[in-house]
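Keep the structure open beside you as you read.

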Amino acid sequence: MGMILKNGIVFDPMNNVKGEKKDILIENGVIVDKLNERTARVVDVSNKVVMPGGVEIHSHMAGGKVNSGRALRPEDHRGFVMPKTDITRSGSGFSTPTTFMTGYLYSKMGYTTGMTAALPPLMGRHTHEELKDIPMMDKGALTLLGNNWFVMRYLKEGDIEKCAAYVSWLLNAVKGYAVKIVNPGGSEAWGWGKNCRSIDDPVPHFDITPQEIIKGMVEVNERLCLPHSVHLHPNNLGRLGNFETTLQTMKIPNGTKAAGDRQVLQVTHTQFHSYGGDSWKTFESKADAIADVINKSDDIIIDTGFVTLDETTTMTADGPMEFYLSGLTRLKWVNRNIELETSPGITPFVFSKKMPTASIQWAIGLELALLIEDPWKVLLTTDHPNGGPFIRYPRIIAWLMSEKYREKTISEVHKAVNKRSVVPTLDREYDLNEIAVITRAGQAKSLGLDHIKGHLGPGAHADIAVYDIDPANLNPNNYAEIEEKFANTAYTIKDGEIVVKDGEIVKVVDGRTLFVNAKVDPGIEKDVIKDIEYNFKRFYSINLANYPVRKEYLTRPMEIRT
Amino acid sequence: MKKAKGYGRMVTDVVCPFCGTLCDDLEVVVEDNKIKNVRHACRIGSSKFLAMNELKRPNRPMIRKDGSFEEVDMAAAIEECGRILSRSKRPLLYGWSSTGCEAHFVGIELAEELGGVIDSTSSVCHGPSVIAIQDVGYPSATLGDVKNRADLIIYWGANPMHAHPRHLSRYSVFPRGYFRERGQQDRELIVVDVRKTDTAKLANRFVQVRYGEDFELLSALRLVINGKELEADEVAGVSKEDILELADRMKTCQYGTLFFGMGLTQSYGTHRNIDAGISLVRDLNHHTKFSIVAMRGHYNVTGIGEVLTWQTGYPFAVDFSRGYPRYNPGETTANDVLQREEADAALIIASDPVAHFPKKAVEHLARIPMITIGPHMIPTAQLSEVFIPSSISGIEEASTAYRMDTVPLKLRKVIEPPEGIYSDVEILEMILENVRERRVRQMEREKKAGEGR
Ligand code: SF4
Ligand SMILES: [Zn+2]
C-alpha cells in the first residue's frame, strides 16, 4: 500500500523545491512520481514543513571510545533517562546517550541517517555491535586511517596504488564507509607522548609529515572513487592560534580532482580549528579568515562543530589533545592507544557561559555558518558530543534562524564575544530552505548518497521529516517555538513507514548499515594482501583471520560499490 | 578450516574462551565431534577444550521437587523459570562473565522486562577498578601497542604465570615488537607483589610490598615522580633507595605499562589503590608515555561491562526497578541486594556465586527461588530450584567476547553441543518470551476484570 503526504509545504533543496505546496508519494519504501491513489493511505500534512530525513555526518554515537565515555561518567546518565515503553527500550545519558536512546532521539528530530565519526579498525566489531543497537536510522562509519602504519609506510614510499589497495581492503574488512583522518601523524606521535604541531612536523620513526599524509590520502580517496571525500580533523585542534594550521591544511589538496560531484576535502568541526590569539587572554575568533577561504574554494567544505554551552564529554582520536585539555581542567582522563592505528582520548568539559573562551567558541560556530555564503559548504554538526550533544541541533537551528535569539544569548554569555568575535554584528537569518541544506541535503551530497538520501525526488528512500511549522506564519523572533518544533517532528517517516508521530516513537525499525566496496587492480591487491599477512602476524596482537567484521554484525547491510 | 594431517579436521584461529587474555591463535583438531588436540593454548586453556571429552555433563533440565532434583523437559523448565521470575518483585540476574555478548543482549532485555537488577562478576573482582576509573579516568592501551612499544613492563598484584599464562609471551615481556625487535632483551620486567610469585621470579626487579600497603607505596612513588622529597626511609617495606630507583626507571623509560590484578583490587584500600595507580600513570605521562591495563579474569567479563554500558549507560550493577537504568554501587550491586535480603528470586548464569560470595549473601540465595543456567552442575546449581544445562560458548557456539583491553573478538564454534542442549542465548530467549506472554495474559485478565465491573 502506498502513502500520500498531502498538502505539505515541501523543502527539497536538491530538487530546487523551496517551500512549495506539494504531495509526496511513497511506495515500497521509496518516493515515486505515480501511485494508485485509491488504495494509498493519505496523511494530511497541510501547512506543515516537509523535508527529507535529516542526515548526520559526524557524530560520536557508537564504538569503544563513546562507550568508555559513557562508563566514565555516571553523572552524565543519572539526570537524563528514558524509561522503557511497550515498544521502546530504556536508556540514559545526556552527552553520551545509550544506543537505543540515540536512535530514538535522532528519530524524534527527524533524522533518518547517521555516520558515526571514528571507527578504529581493530575495534570495528565493537562499533558495529553498537550500530546494530541504534534503531531508526541508516548508519555507517567514518574509518580512522590518518595514523595507520600501513598507510604511512605506503605513502612514504610514494606508492599511492598500494595504499589505495590497502584502504580498499581495510574499508571492506571493517565495513567502513569513508576515510577519516584525525590529527594526521600526531596521534601516532602520541604513542611516545609526543604530537605533530604543524603540517610539516615529521612523525617520529615514520619519516613522513602530516601534509604528506593528507595529500596522499586525498589522492587515494579519489583514485578509489569513494562516495565521500576525505574527512579531515586537522592538526592542532583546540590550540591557540591554530587557524594558521587550518589555512595551510586547506591548501594541501590544491588541484586534486574529485571523483564525484562533491568536495575533495571536508574539514570537520572547523569551529575547533578557527582560533586566533597567543594566550587565553587574547584568544579570539578567526572564523572570518576561514570563511573567506571556503567562500572562494570549490573543493573544500566544512562542518561546524558548534559549541552549545553545555557540560559534555569530549572524545576524539586526537589523543594528545585530550591529554592537553585534561591538563588544563584537571578533570578525569581516558586514553586508548590502539596498536598500529590511532590513539583516542576522552575527558569531560564544561562549556560555561561565564567563560570567555567557551563564549567565543559558541560565537565561532555561528560565525562560520553566517559568514560562509553558500549553505552547501557548511554542514551542521556539534561534533557530538564534543561541542555539545546532538539533541541541541534544534537550538542551533533557532540561533541560525533568529537574530533575536542570538542577541539574547549574547547578553547572557561572557562579554568577550563583543570584542573577540564578530557575531554581534551579523544579521543574517537562515531560511527553511537553507536549514534543509545544512542538515540533510548538503550532508547527503557530501557523502555521495544524494541518489537515495537528502532529497524527495523519485527513487529517493522515503525517509522524511514533517515539522509542525507553517512557513507562511513563521516568525523568527519566536525562537523558542522553532526550537521546540525541530526537536519533535509531527511525523518522521523511515523507509515509507511512520515511526514518529507528534514527537512520540510509534514504531521501532532497524536501519541499513552502509559500507563501501571499492574496486582495485587484482594484481596489486594480491601484493598488498601478502604484505598485510606478513606484517599483521608480527605487529598486531590478533590473527588476521579474526580482524574482518562479518556481515552478521550489520543490520540490513548495504554495500556501495565503486 | 584445514584438513589436519591423518585424521579429523583442524579449526584455526580459534579464540580461547577461558581467561581475559583471549588468545586467538589456537588450532583445534576435531574428529567425530570430539576435540582431539589443541595447539598453542596454555595448560589451562587447553584443559578447557580437552575436558569436554571426559566431563560428564548433565544433559536434561532439572526442577527441584520435594527437596531433590527431577529431570524435566525443556518446556517445563522454561515454564518454571517464567513462573519464578514473573512472580518476583526484585529479581537478581547475575553472572555473565563466561558467556558471549549475544547472551548479554537477551539478559539485559530480560532484566529490563522484569524490572530487575542485573550485575556481573565485576561486582566482586574489578568493581573497585570501575569505580576508580569513574573517579580519575583510565590512560590505557591495547596489548599490541604494549608489544610494539613498551620497554618497561610492570605487573602489580598480578601473577599472570598462573592466571593468564600466555600474557607475557603474547603481549608484554617476550614478544618481538615493531620498536622492540629483540623482544625480552629490549624490555625490563618489574613485579610488585606481597610474595615472590612465579611471575616475580622472571622479573629483572622484584619489589616486595608489605601486605595491605600498596596504597602507601603508590603514593610514595607519585610523590617522588612529582618532584617532592620522600621523607621516610622506608615505605610499605620498600627502602627509600629502591623507591627512588623505581621512580626514576618509570620516568625515564620510553613507554611503560602497568598491569594490575586482583592483588591490588582486593587488598585493603580497594578502589583507593586503583585510584592511586591510575593517578601515578597519569603523572608519568607528563614525563614519558605510560599506560595502565587491568588484568581481567573471566574471558568475557570485559564484554558484559561493554554491553551493559552501551545499552544502559553503566558498566555493572544496573537496577531497572524504575523502568529506566539506575546505578549505585553499594546499593544495586549483587552482593548488597542479597545481603539486604531484597532479592526475592535469582537467575544465575555463567558464574558460581555460591562458591564465591560471602556467607550472608549465599544464605539469602539459598532462601530464595534460584535458576541456574550453565554447562556444569556447580555448587550454585545444586542450591537452585531450576537448573538448565547449556552449551559452552566459544567451543560449542560462536559468540562475541571482549579481551581485557576491550579488543572485540568473534569466538568460533568448534564442535556441536550434545544432543538436546541449548545455548545460553536460546534459553534466555525462551524465558524472555515466556515472561512476556505471562505479562500479556495478566494484562488481559486485568482488562476483563475491569470490563466486568
Ligand atoms: S592465556 Fe588464557 S586465553 Fe590464552 S590460552 Fe591460556 S587460558 Fe586461554
Ligand atoms: Zn569528531
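A cavity is a set of grid points, taken over the protein atoms alone, where a 1.4 Å probe fits but cannot get out. A molecule sits in a cavity if more than half of its atoms lie within 2 Å of its grid points.

With that in mind, turn to this predicted model. It has ten cavities of 30 Å³ or more. Here are two of them, side by side.

| Cavity | Space | Lining |
|---|---|---|
| Largest | About 510 Å³ | 31 residues |

Which cavity is the space taken by ligand 1? Ligand 1 takes up the second largest cavity. The residues around ligand 1 include B:Phe18, B:Leu22, B:Pro165 and B:Arg166. Sorted by class, the shell around the ligand holds nine nonpolar, two polar and one charged residues.

Now for the largest cavity. Of its lining residues, B:Ile133, B:Tyr138, B:Arg296, B:Glu306 and B:Thr406 lie nearest the centre. The element that gives the most is α13(B), with five residues. The lining is made up of 13 nonpolar, 14 polar and four charged residues.

Why does the largest cavity lie between domain 2 and domain 3 of chain B? Both domains give residues to its lining, so the cavity lies between them.

Technical notes
Residues are numbered from 1 along each chain as its sequence is written. Chains are lettered from A and ligands numbered from 1 in the order in which they are written. This is a predicted model: local features need pLDDT of at least 70, side-chain atom pairs count only at pLDDT 80 or more; totals for chains, interfaces and linings use all residues. Side-chain values use heavy atoms; hydrogens and water are left out. A residue is near a molecule or strand if one of its heavy atoms lies within 4 Å of it. On a 1 Å grid over the protein atoms alone, a cavity is a set of points where a 1.4 Å probe fits but cannot get out, and a pocket is an open set with protein on both sides within 12 Å along at least five of seven lines; lining residues have an atom within 4 Å of a point. Ala, Val, Leu, Ile, Met, Phe, Trp, Tyr, Cys and Pro count as nonpolar, Asp, Glu, Lys and Arg as charged, and the others, Gly among them, as polar. Grid points are joined across faces, edges and corners, and a volume is the space filled by probe spheres set on the points. Helices (H or I, at least four residues) and strands (E, at least two) are DSSP runs, numbered from the N terminus. Domain bounds come from an automatic or database domain assignment.
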